[in-house]
Each structure stands twice: as C-alpha cells, then as structure tokens.
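Subject: Structure handover

Hello,

Here is the structure I promised to pass on. Please have it open while you read my notes below.

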There are 2 protein chains.
Amino acid sequence: MKFLRVYMNQLQTEWEEVPSPYEHLGGRALIAKLLLEEIPPACDALGPHNKLIFAPGLLGGTGVTTAGRLSVGGKSPLTNGVKESNAGGTAGDTLGKMGIKAVVVEGQPVQGTFQILYIGNEKTELHPADNILGLGTYATSDKLKEKYGKECTVISIGQAGEFLMAGAGICVTGEPGQHSNHAARGGLGAVMGSKGLKAIVIEKASGKTIPFADAELFRSASKRFSREIIDNPKLGPKGGTHIYGTAAITAAVNEMGAFPTRNFSKGSFEDSINLRGETIRETILAREGKIGTRCMPGCVIGCRHEYVDETGKPIVGTMQYETIALVGSNLGIGNLDDVARLNYMCNDFGLDTIETGAALGVVLEAGSVQFGDTEGIFGLLNQVGEGTPLGRVIGNGAVTAGRVFGIRRVPAALGQAMPGYDPRSLKGNGVTYATSPQGADHTAGNAFGARNEVNPLAVEGQKELSLKLQIISAMLDSTGLCLFARPPVISDPQLMAEMINGIYGWGLDKNDLDALYRDVLRNELEFNRLAGKTAKDYRIPEYMREEPLAPLNVVFDVPDSELDSVFDSL
Amino acid sequence: MKFLRVYMNQLQTEWEEVPSPYEHLGGRALIAKLLLEEIPPACDALGPHNKLIFAPGLLGGTGVTTAGRLSVGGKSPLTNGVKESNAGGTAGDTLGKMGIKAVVVEGQPVQGTFQILYIGNEKTELHPADNILGLGTYATSDKLKEKYGKECTVISIGQAGEFLMAGAGICVTGEPGQHSNHAARGGLGAVMGSKGLKAIVIEKASGKTIPFADAELFRSASKRFSREIIDNPKLGPKGGTHIYGTAAITAAVNEMGAFPTRNFSKGSFEDSINLRGETIRETILAREGKIGTRCMPGCVIGCRHEYVDETGKPIVGTMQYETIALVGSNLGIGNLDDVARLNYMCNDFGLDTIETGAALGVVLEAGSVQFGDTEGIFGLLNQVGEGTPLGRVIGNGAVTAGRVFGIRRVPAALGQAMPGYDPRSLKGNGVTYATSPQGADHTAGNAFGARNEVNPLAVEGQKELSLKLQIISAMLDSTGLCLFARPPVISDPQLMAEMINGIYGWGLDKNDLDALYRDVLRNELEFNRLAGKTAKDYRIPEYMREEPLAPLNVVFDVPDSELDSVFDSL
C-alpha cells in the first residue's frame, strides 16, 4: 500500500511506502493519526500547513458490500478542529483497488491558480484547471468525464470551495448512470480550494485486485456480512431503508418533536407529511423516476431514490433526510419539489446542505426573507454561487451568519451546524453534538436509532449511549462502511476481524479492533486539545438550555458535568 | 459609593451599597472583578447573562487632571473574553461626583425594544428610545441634549450597536462645545445594543462633591501630579503631544517600518508625510480650526485638534494616530480630509475605527474595491450604517470579514483587530497583542514609547517589557487616568497612593497598589480561562510569522514559549 503525496507548492507528486504506524489504519482512523502527526494543530485551516487527505477505509476496494466510502479529512475551517467527512461513489473502491491508502495534498500553489490531479493506472500528474474554473460540480464532473473517460471517478469542488467557504463540501461521482455524492461536512471543500485543487480524476482501476492474505476467510466472512444485511428486515429488499430511503424517519422524528422547524424554533412541522419518505416514493413512482438505486458499487441496500420533476427529469440522485429537515422544515418549506431544487443548487455549488440550511434558517430569522418564501430562499441560495457578500455569509455557515446578522439562536456545536434532530427532544444527539471531536454531526453517533432503548427526553443513559455510538461511528468511518451496514458487525464484532484478517492477514481479534476504534476518538480529541479546544468549546448553545422547544416544551438539560465525562471510559 | 443596577428585563433600576470586595476598585479593576464574580464566563456575549458595566476610575470625579475617563466593560462579543474600553468626556467625572461606582446593566428587554437610561440628581428612570432609534451617535447626542439639557452627558450607540455588530463602540459626550469620545474597542456597543439600551443620559452633578478623607494630602498630591505633567517636556504646553496630538508619532512609526499599510502588507506608506501630526496641525491652523482642545474637564495636556474642512467647518473633534493608521495608510489613503470623513462616519455609526479600518483592509484585499479608492471605500463604509449584508460583515470586524471573504491575512489577535503598529517591526506590541486578556490593544501595553530602551526588532526583553507595560495599563485604566498622564505616577508610584489615600483614607502604599494592578490582570486572565481561552488563543496570526514585512523584511519571531510565560512573574 502507498501514500500519494501531492505537493501543491511545487506542483509535484510522490509515492511513499506507507510508514508502519499507519499500516493498520484506514479512512477516519488514518486521517486522525496523520493530522496528529503531521499538521500543527493550531495552524490556519486555510493556510499552507493544513493537509487534505483522501483515504478509503480498511475494506475499500475489496468488494465488501457498502464498504467503498471515501473518507476526506483535514483541519476544519468551520470547527477549527479535526474533520473527517465521507462519501459514497466510486473513489473509495478505486483507490483501494489501486493500493492507495491515502492521497495527501500538501502546501499551496500561487494564490488563485487551480489544478486537476490525475491519478491513472500508469501515471499521476497535475493539469491546469483553467477551463473548469467557476463551474459547479455537475458541469465540472461532466466536463472531466468527457475528457478523461466516463468510467473515471471525479472528485471536485464547486464555486463554494473555490470561494473558500466554510460550508463547502467535496463532490464524488458514482458509477456511470448514477448520481454524485458529497463529503459535505466541515468545510473540507474550502480546504481543497485553499490547496488550489479544483478536482481529482481517478482512472478506473483496470486489472487491479487486492492480493488477499486469506481469500477463503475473506470470502466466507464478507459473504456472511452481505447475507445478514440482505436478511435484515430493515435493510433488505423489503426494508424501510431500501423502500423509503433515509427519509423513512421523517414521521418519527416529527412525532418525537425533534424535527427542526423554522430555525430550530419548533420540533414539529405542520407540513411534515409532505416530506416523508412515503411521499417521496409515491411522487417518484408516479413520475416514473428510479427507486432503490445505490451510491456505491455492489451495495445490497440501495437506499437512494432519484428524485425527478413533473416531466420525469432527474433533479437529484437522492433526497436525504438531513437535507429535507435542514432546507425543508427548517426553512418552513413543505414542498418536495422545492426541497429538491434547493438540494440540487447546494450540490452544484458544492455546499453542505446541513450547514447551508442552518445558515439560511438564521438569515430568515433575521427577517429580510420570510420562512416558507420559496422564491426568496432560492434567491438567497443563488447568491452563494454568485459570491455576493450575502452569499458568502451564507456559504460560510450558520455561526458566521449568526454573527453577521446579530442572531444568537444559532443551532451549532463546535462551530458546525446541527443536523436534523433538535437536541432538546433527542438528548442523546445533543450529547454527541456537544462532545464529538467532529462537532455537531449525526454520523458521529446518532441516538435516534436507540430511541426505544434510552428515553430521548431523559438525562440518564445519554452519556453512555453517545460514547457507544461514537465508537461505532469510528469503526464505520475507518473501515469505509455505510452507517446502515452496521448491524452484522455490531452483533458480531469478530465478523469485522475476519474480513480484515482475510484481506491483510493481521490476525486481529475484536478486542484489537475495539482498541483501534477508540484510538480514533483519542487521537481526534488530542488534536483538538492541541488546537486549543477546551470543555467550554464542547457545548450546546445557551439558548437551547433556556428556550423550551414546542411541542414538548423541553430544553436541553444534560448537565455540563455529564458532557465533560463522556470520554472518561474511552 | 453605590452601584446602580439596571434590570432591562423588568425595566427597573435599583441602588446597591457597594459590596466590600469592590470597595477599593474602580474602572477596569472593578469590571474585571465583577465579570469574574457575576458573569458566567462561557455565556453568550450578546445574551441575557452578560452584563454591561460603566465605571469611573478611582480618581474619577475628584478633579485630578486627566483622571475622568469612563471605563466600560463586559464580555466582548468580538474576543469572547473580558473587555474594558474607556473614553474621555464628562461621564467619568460626573458619575464619580455622584458617588456612583458603577452602573451595571443586566438582562434583556423584549427583543427589538430600546430604552434610554436617565440618571438624574433626584431620580433614575428608563424612558422609551423610540424617537431616536436608527440615529447615529451625533444626532442621538444632539437630540438628547436638546431634550435633557446641554450640560448633561450622553452615552450612546449608533446604528452599529443597534445592529449588534461586534465592531460597535460606545460614544460619550464631552463638555459643551467639545466633541464626543468613544469607548470603541471590543464590541461593547453591541452588548449595549443587546441590552436594548440606546443611550444613557446623566444629569450634570449639581452641588455634589466628593468628601475627601484627607483634603490636604489629596490637594498637595494632585497638585504635584498636575504640575509634573505641565512641566513634562513632551506633555506640557510646548510638548509634542499637545502640539501635534497622538499623530505626533506617525513619522516615527513609519520610519521604524511598523506603519500598517494596505492591510498590513507593508510597514511604511509612501504618503505618510501627509498623515503626520505636523501636517494635521498646519492644515487646521490654515483653516482656522481649534488646536489643543481637551476630551475631559480639567485636562492640562490638551492633545486634541478639531479637524475642520476647507470652509472651516468641524469634521471630527480629533484625529487619533490609530485612526489615521487604520483608515488611512492601511487602506492606502494618504489624504487627511478623506481620513477625517471616514473617521466621522465611524463615529456617527458608532464603530471602532481600528476594527473597522482593519475589516475594510481585509475587504479591499478581497479585491472588489482597490486600496486608495476613496469613493469606493466611502461606499463600503456607508453600507455599515445601512446594515446591508456587506455592511454587516464589515461592522463585525476583521476576523469576520476574513472568514466571509476567504482572506487569511487578518491582522488580529484574540479575535480583535490590531491597532497601528505592525507587530513584526515592533515586537513588544506583538507580545502585548498576543498575551493581553483584552486582545490586540495598543492601550493594553504599548512598547512604542520604550523603543529606545528595548530594540523593537529583538526578541530579547520584549516579554518583560510587555508585562511591565500591561501592569501600568491596568493602573491607568483602573484609576481613570489618561495614558499620557503616566510619567509622574511611574516615576513615583507613591504619588498615586497619596492621591487615593487623600480621597478615601485607605492608607495604601505603593506595594498595595502594585498588587491591586496585578490583580486586574489576574482576574481578567482567569475570566478568559474560564471562558475557554487557552495558550492557543493568545497568538499572533500565522502569516505574520511567515511573511516578511517590507521595508525591513522581518517576521514576528518571538517564540510561543516567550508568549506563554509573560505572566509567570505576575
């Protein structure tokens, strides 16, 4: 396995044998370690000392179902702490097959110049990006596929990343005919912009396969893993995740009073029924769109539904629950077509829909445009792509928008906007938002799935639940697995060990893996500590502790002492 | 002595005997202690738990020359740490005479409602501010003086404070016929706005005098103090400070390569000769403006020069060196009339000229308006008063402007913009900027005056110099003294003890006072620590350590270890 080092100041690339401390690491685990070892924690996230890392998980490229996620990492310009954000698409699988453990982008070129990094089977080069500058991610991907071949993978930023906006994400293309994906959170698109990197093009890995240490062990373990997912009543062909996508949960979140509505001022939305997975499915089927598509090669879940307009023309490849909550109910919008178009615009500009929806919610609270005024909101979002001052404020996320407009009701933790669960009604998520080294992140440890085990409104048990979930997240993000694919490896942690041992022959057991997952959090917390984060940074905003959230009229009341002790048993 | 508590949520006021821990404290010392005791350090600076404190120094109201400065304090929305900012005018003197040790404004009224606090000799009341809302500080002061009498003091915010901009200051009127003054730094105008307080009107203290504990001791000490200032060759009637104002130093700062030019990209300015105190004086004399006026009753220095336009009409009451540097050379403007008009606009909107000049410098670097394009810059600044999105960005200061426009060359420390001395060529100031609990502040410990004792370009000696200066600043800001009046009390610290003992009869000696001054810094550092500040927050921006500053081509190279140990001997 190799590291591909990309030196943007010299516009050169270099291959490096993976140094031994990184040998057993992939994805988020690798990123956490690399950040701690190579990046001065207090550095300017958009300066020359930050690095941008692309790393498949440990299972990447092996053909394990749902295990092809690409982790992207660096110091976040949004949280000023560690950041890993991952996406589906073909990049994780392809890099894994090529034996590339990580692409590490370092330094900065002459200000304002942009490059394309080409990673081929035979050669690796940097090409000037002049002719795609200023384009959105859709046009960028299309143009580059036209030039480099439609089987290649394109990783790119849109206008938001070029403008160094802290709400900018990174777009990753999927299989031919499938839509793109986004490593959206934490402003890594701005880091890519600051590196002068408009796009990465990865040739299809031709004739390359991973040399398995124990092919038989791997085959039986990965087969069992796949089978258990297919047989899982929630995930299989008849499961809610496949049938309704992530938006399967809209009704339940609304019911529990945690559905972000009008800048998190309410926990239920009067038009939530329009935003359910059921409604999405019916609408798509009636318009003859595609149902149950996938974001990664070989995925057996297929949770995506290509959302189409009234004429059957695709708008977005999938409408995620988080997007629906943040640019839907949070903005007072209860119409799927409007949400889809806002989603499209975010995707094209290369913006995190969560951060951008939260920023728009703050701007609406400031009052120049009303909640639910769809045309007004389109106008606001459009300014992000244009780079107007207001657009730049929105593109920089919720905290900046709050600062600029003097709004203190900003739903964010550690500088990053909250996803689609108000922490007052789902306190386990509040604990994760407040304590995760990643900031407010649903993928860092989402308590929604455990709502029947731990009372979402109680203080008791949240701390333990959050830690458990955060460790599981570290596992998923380090192996490249989709969040939905966790049941088989949670019920039998040894199954993960078998897959890994089958590939690499490391002879790990489940305890070794547990230590590895915990180390991810330890390294991340340490990086943040060295970057200057203290307990005071790991907090839920003041107003959420004081303003009761309708309809349940609850505040976030998990004591600080509980937050501060989440990692005591790490 | 009394505290006046103002409860903005109930719109009520209450008198309180000064609790004993505060008895010996005034101005900044009182603010530091009150913040530490009463404000949750991690609170939202613009939320209900912050407090806004107005406090004269220990010498306030006694008639000691130059000792009538009013300290304003609270948690800063700009630095998220402790903040004390002080201003001349008649407020400090009047509150002192009235026996008011502090006005403490707490809570918040219904959002968007604004009040006027009236402090009379007979009564204290809150009045609705409806008819002055949206007005600048000039019109606000005029209207309130019209209504309440021209002898009263008006403390007010302009549009910037109403908009909760983190670059907003607080305006304090002077004696009739004299111009206003500004407690400009740290965003305290936004805190005043967040309290729904548009203005405070203080009736002239009629027939009230301080009961002196030892009138004879006080008289002889304060007389000697005054005499020594008059006899000081720099401060007296023939001194540079009186003759040329604070801008007496323009040439010297430019000469040493520390004169902020075009967003701190150079340390000398080709048109600096136009911005010298000498040029100001000549221009004003030629136009028949007033020279050597004062900001406080009884000041024997008189460093202010009323800057007038070509027709002899006053523009601003004084043009401070910091303003000249930040909205002059820092924006590429080398014309005094233009600087005066930008100064006027900042004063009227209620903006800190330092923070606003630095923010404008960052915006110019982003490129939509060129350095030196005066009309373009007027247009930008005008937007602050209008509250456009771009105006709000600028009004929120340099760090926000940098974030929004993706500019990493932001001259700020602890979130606050640097004043008119580039720390690369005046490293002692860099040490103060980076370590002062107040953030980058020239009044927190300005090494310029010691440039002949400690080499401004050397690392050695800066740490010790900065600490010494920071302790002196704590003394000045806690007693209400003007920065210029320090020589007599530095050369004989017992002189200060005599003045204080003459007033209060506390029998303090110079060692007691030294302990008191040091406690100011200790309390402030502790507040910041509890607010979450760590060594990583007390830093000079990365680019200033790496980008050499012309013409001397020097970087800021005082090691972090030196910064971190400044207070070891506190």
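Start with B:Leu11. B:Leu11 is partly exposed, with 18 other C-beta atoms within 10 Å. (Buried means 20 or more other C-beta atoms within 10 Å of the residue's own, exposed means 12 or fewer, and partly exposed lies in between; C-beta atoms are placed from the backbone.) B:Leu11 is not a glycine, yet its phi is positive, about 55 degrees. B:Leu11 sits in the loop between strand E1 (2-7) and strand E2 (12-17) of chain B. (Helices, H or I with at least four residues, and strands, E with at least two, are DSSP runs numbered from the N terminus.)

Some ground rules. This is a predicted model: local features need pLDDT of at least 70, side-chain atom pairs count only at pLDDT 80 or more, and totals for chains, interfaces and linings use all residues. Residues are numbered from 1 along each chain as its sequence is written, while chains are lettered from A and ligands numbered from 1 in the order in which they are written.

A:Asn263 also has a positive phi without being glycine, near 50 degrees. A:Asn263 lies in the loop between helix H8 (250-255) and helix H9 (277-286) of chain A. Buried or exposed? A:Asn263 counts as buried, with 25 C-beta neighbours inside 10 Å.

Next, the cis peptide bonds. In chain A, one joins A:Ala550 and A:Pro551, with omega about 5 degrees. A:Pro551 is in the loop between helix H21 (542-546) and helix H22 (560-564) of chain A. In chain B, the bond from B:Ala550 to B:Pro551 is cis, with omega near 5 degrees.

Now the two chains together.

Where do the chains meet? 26 residues of chain A are in contact with 26 residues of chain B. (Contact means C-beta atoms, placed from the backbone, within 7 Å.) Helix H14 (389-395) and helix H15 (398-405) are the elements that give two or more residues to chain A's side.

Helix H13 (residues 374-386) of chain A is worth a look. Its 13 residues should span 18 Å at 1.5 Å a residue, and its end C-alpha atoms are 18 Å apart, which agrees. (The expected span is 1.5 Å times one less than the number of residues.) A:Ile377, A:Leu380, A:Leu381, A:Val384 and A:Gly385 are buried in H13(A). Down the helix axis, these buried residues fall within an arc of 155 degrees, so they line one face. (The arc is that of the directions from the helix axis to the C-beta atoms.) On the other side, A:Glu375, A:Gly379 and A:Glu386 are exposed. The buried residues of H13(A) pack against helix H4 (159-162), helix H11 (336-349), helix H12 (353-366) and H14 of chain A. A:Gly387 follows H13(A), with a positive phi near 75 degrees.

Last, B:Leu30. Its place is in helix H1 (residues 27-38) of chain B. B:Leu30 is buried, with 29 other C-beta atoms within 10 Å.

Best wishes

How values were computed:
Contact = placed C-beta atoms within 7 Å.
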